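These are my notebook entries on one protein structure. I recorded what I looked up, one topic at a time.

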Amino acid sequence: MSRLLRTGLNAGEAAPMAVVGGEGVYFHLSDGRKLIDGSNTGGGLGHRHPAMVEAIRRAADTPVVNEGWTWVGREQAADDLMATAFKGEEDWVGAVRFCISGSEANDMALSLCQALTQRAALATRERAYHGITGLSRSMTVQPQWHGGLAVHSGGSKLPAPMAPVRILPAPDGAIYGAPVNNTSPGEYLADATDLLSDTAATIIDYTQGGIYYDGAYQDEVARCARQAGSYWIADEVVTGAGRAGRWFAFQGAQSRPDIVTLGKSLGGGAAAVAAVVVSKDIVERLKGSSWQNYGTLRGHPISMAAVSAYLKVVSDDKILEHVQNLEKLFARRLLAIAQKHPSVQRVAGHGLHWTVELHGPDWRSWHADTTEVPIASRVAERALEAGAVIGTSGEQTSLFLAPPLVISEREAVLLLDALDHGLDIADKEHG
């Protein structure tokens, strides 16, 4: 019996596959298999990238410097982030504070907005996931991710909410299965300014729940938030640092956020690191104040070395251009896969993050309070036979593809072939 308390993305009690190593875009399992890693949003450069390994090795020979002390590597990482990822955004971007996880970054950003506005309520969009720590938990509105207990015999035991939450309608930017007559954001967000009128912040992400959108949605949310006096936060924990095929997903629109939160790939998968990036306006508002929020291991020398190394690799190796090229392959092939498999209801995505949603129960009724294995998990299990790990989001019918940004075209084809293979089991059940 394992002494480790764990969680997983699938319902029930079965232990997940045992990973013992990895190289490039491949996982090495305890049973000897090597599988393409198709669902690792935290490993932008894959496994054991030489530049990341060397950066971590050098950083291990440094003192343990907590957030309260100045560390040259932390100053360098901040400068590198601004000079590389925020190049061209100098008119509005102000400063960065590093932390450990995306959940923590979102909680810090939301707490700061509450302090600045002296408002308690917060807003997000339907089907969002922003983390499971502090206020980020309250802003996660996928019903199975509540931070409490999903009892396998049925029912859930939820912790108390930390803030009133307002929920905005979500768009549907699917390339397959979108509504025939998709209305404009101006129509379904017509009441958004009123809805946001008492909120401290409005936070939007760009992938969660399989919801992806173009600039029109972001611009309308930003307009309504500013009219309501609500700060708007771009949650780029998944998409930031290159996964969208540009440094940030928000760059696909005209509006610019008050705060950007980053995580996952920011450290190249080599270290746990996240960040809160604030605008110049917020920097001005913070003058004369002390932000009373602290973490001992935030901005740790190893994490900071990973950030600087990752930014350099993405820039030097032209990773963004590579993601843009692969986006076309994924869109073309996933559309063909959807047309082939009657079990597929919807396909959406951008860059190297794609969601395939199957026919089945509505996501709103799924609480993971059962030992029954969801159809998405069974598809992912069958895909292992074809040599790849396909992601599940914890919902019954949702699969996602998020391989390392360094995946080759040949490896991408093998990953998509594995999905194609796995979907056969869903087709049989769909009838």
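**Entry 1: the model**

I noted at the start that this is a predicted model.

**Entry 2: the nonpolar cores**

I looked up which residues of the largest nonpolar core touch the most other members. They are Phe86, Phe330, Leu334 and Leu399, out of 88 residues in that core. I then noted that helix α10, residues 319-340, gives the most to this core, with nine residues.

I took Leu334 for a further look. Leaving aside residues up to four places away in sequence, Leu334 touches Val347, Trp354, Val356, Leu401, Leu416 and Leu419.

I also found a second, separate core, which has 22 residues. Cys99, Leu122, Leu135 and Ala274 are among them.

**Entry 3: the cysteines**

How many disulfides does the structure hold? I found zero. Cys99 is in no disulfide, and the nearest cysteine sulfur, that of Cys113, is 14 Å away. For a disulfide, the two sulfur atoms would have to lie within 2.5 Å. Cys99 has 1% relative accessibility and therefore counts as buried, the limit being under 20%.

I repeated the search for Cys224. Cys224 is in no disulfide either, and the nearest cysteine sulfur is that of Cys113, 17 Å away. Cys224 also counts as buried, because its relative accessibility is 1%.

**Entry 4: an open sheet**

I traced an open sheet of four strands in the order β1-β2-β3-β15, and its pairing is mixed. Which strands are at the edges? They are β1 (19-23) and β15 (388-389), each of which pairs on one side only. Strand β3, residues 34-37, runs parallel to β15, and two bridges join them. In this part of the sheet, Asp37 stands opposite Val389 of β15.

I next examined strand β17, residues 398-401, and found both of its faces covered. Ser398 and Phe400 lie on one side, Leu399 and Leu401 on the other, and all are buried. Leu399 is also one of the residues that touch the most other members of the largest core, and Leu401 is one of the residues that Leu334 touches.

I then listed the strands that pair with β17. Strand β14, residues 353-358, runs antiparallel to β17 and is joined to β17 by four bridges. The bridge partner of Glu357 in β17 is Ser398. Strand β16, residues 391-392, also pairs with β17 in the antiparallel sense, over two bridges. Here Gly391 stands opposite Phe400. The hairpin of β16 and β17 has five residues between the strands, and in this hairpin Gly394 takes a positive phi near 95°.

**Entry 5: helix α1**

Which residues of α1 are buried? I recorded Met52, Ala55, Ile56 and Ala59. Seen down the axis of α1, the buried residues fall within an arc of 95°, so they line one face of the helix. I found that these buried residues pack against α9 (301-316). On the other side of α1, Pro50, Arg57 and Arg58 are exposed.

**Entry 6: salt bridges**

I kept a general point in mind: side chains of opposite charge can pair when their charged atoms come close. A search of the whole structure finds 25 salt bridges.

I first noted the pair of Arg48 and Glu23, with 2.2 Å from N to O. The pair links distant parts of the chain, 25 residues apart: Arg48 is in the loop between β3 and α1, and Glu23 is in strand β1. Arg48 counts as exposed because its relative accessibility is 55%, whereas Glu23, at 37%, counts as partly exposed.

I then turned to Glu67 and Arg97, whose closest N and O atoms are 2.8 Å apart in a salt bridge. This pair also links distant parts of the chain, 30 residues apart, with Glu67 in the loop between α1 and α2 and Arg97 in strand β4. Are these two residues buried or exposed? Glu67 counts as buried at 16% relative accessibility, and Arg97 is buried at 17%.

Last, I recorded a network of salt bridges that links Arg127, Asp172, Arg346, Glu357 and Glu395.

Terms used:
Residues numbered from 1 in each chain as written. Predicted model: local features only at pLDDT ≥ 70, side-chain atom pairs only at ≥ 80, totals over all residues. Heavy atoms only, no water. Core = buried A, V, L, I, M, F, W, Y, C linked by side-chain atoms within 4.5 Å. Buried < 20%, exposed > 50% of the residue type's maximum accessible area, 1.4 Å probe, protein only. Contact = heavy atoms within 4.5 Å. Pairing = 2+ DSSP bridges. Salt bridge = Lys/Arg side-chain N within 4 Å of Asp/Glu carboxyl O. Arc of directions from axis to C-beta.
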